[in-house]
Amino acid sequence: MILEIVSPEAKLFSGEVTSVSLPGVDGSFQLLNNHAPIVSTLKNGLVKIAALSFKFSKESAAKFTKVNEQNYTLAIASGTIELKDNKVIVLVD
């Protein structure tokens with residue numbers, strides 16, 4: 001599935017991922033390929049991204065924390081998420 005993470009300043013990430021875990025206001029949840037469409041609000045926490053490879057711009061790379069070669073995290077204050085047709089768009093603060 002395709003993941004895009006966008007902040008008010010810039011697009012932080014765009015690429016193919018195997019899963020993404022998000023801090024929902026009603027609890028954390030994970031999205032996998034072919035997940036049903038969803039729209040949700042996010043709270044303060046970590047966005048956990050799993051992918052076979054990552055490419056970050058120099059400006060956004062510093063915002064992500066490397067867990068291992070296939071996993072990164074991003075700390076957020078709040079946001080919203082929409083998943084439709086295997087494309088996840090995350091708007092973060």
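Student: Which side chain does Lys87 meet in a salt bridge?

Tutor: In this predicted model, the side chain of Lys87 meets that of Glu4 in a salt bridge, with 3.6 Å from N to O. The pair links distant parts of the chain, since Glu4 belongs to strand β1 (residues 2–6) and Lys87 to strand β10 (residues 87–92), and the two are 83 residues apart.

Student: Is Glu4 buried or exposed?

Tutor: Glu4 has a relative accessible area of 15%, and it counts as buried because that value is under 20%.

Student: And what about Lys87, how accessible is that one?

Tutor: Lys87 has a relative accessible area of 37%, which makes it partly exposed.

Student: Which other residue is linked with Glu4 and Lys87 in a network of salt bridges?

Tutor: That is Lys11, which is linked with Glu4 and Lys87 in a network of salt bridges. The side chains of Glu4 and Lys11 meet with 3.9 Å from N to O, and this pair counts as a salt bridge because the cut-off is 4 Å. Lys11 itself is partly exposed, at a relative accessible area of 46%.

Student: Why would side chains like these pair up at all?

Tutor: As a general point, side chains of opposite charge can pair when their charged atoms come close.

Student: How many salt bridges are there by this rule?

Tutor: The count comes to 3 salt bridges. Among them is the one in which the side chains of Lys66 and Glu69 meet, with 2.8 Å from N to O.

Student: Changing topic, where does Ser19 lie?

Tutor: Ser19 lies in strand β3, which covers residues 19–24, and it is buried, with a relative accessible area of 10%.

Student: What does the side chain of Ser19 make a polar contact with?

Tutor: The side chain of Ser19 makes a polar contact with the side chain of Gln30, at 3.5 Å.

Student: Which residues does Ser19 touch, leaving out those up to four places away in sequence?

Tutor: With those left out, Ser19 touches Met1, then Gln30, Leu31 and Leu32, and also Lys48, Ile49 and Ala50. Gln30, the partner in the polar contact, is therefore one of the residues that Ser19 touches, as contact means heavy atoms within 4.5 Å.

Terms used
Residues are numbered from 1 along each chain as its sequence is written. This is a predicted model: local features need pLDDT of at least 70, side-chain atom pairs count only at pLDDT 80 or more; totals for chains, interfaces and linings use all residues. Side-chain values use heavy atoms; hydrogens and water are left out. Buried means under 20% relative accessible area, exposed over 50%, partly exposed in between (1.4 Å probe, protein chains only). Helices (H or I, at least four residues) and strands (E, at least two) are DSSP runs, numbered from the N terminus. A polar contact is a pair of N or O atoms within 3.5 Å; within protein, one must be able to donate a hydrogen and the other to accept it, and residues adjacent in sequence count only if both atoms are side-chain atoms.
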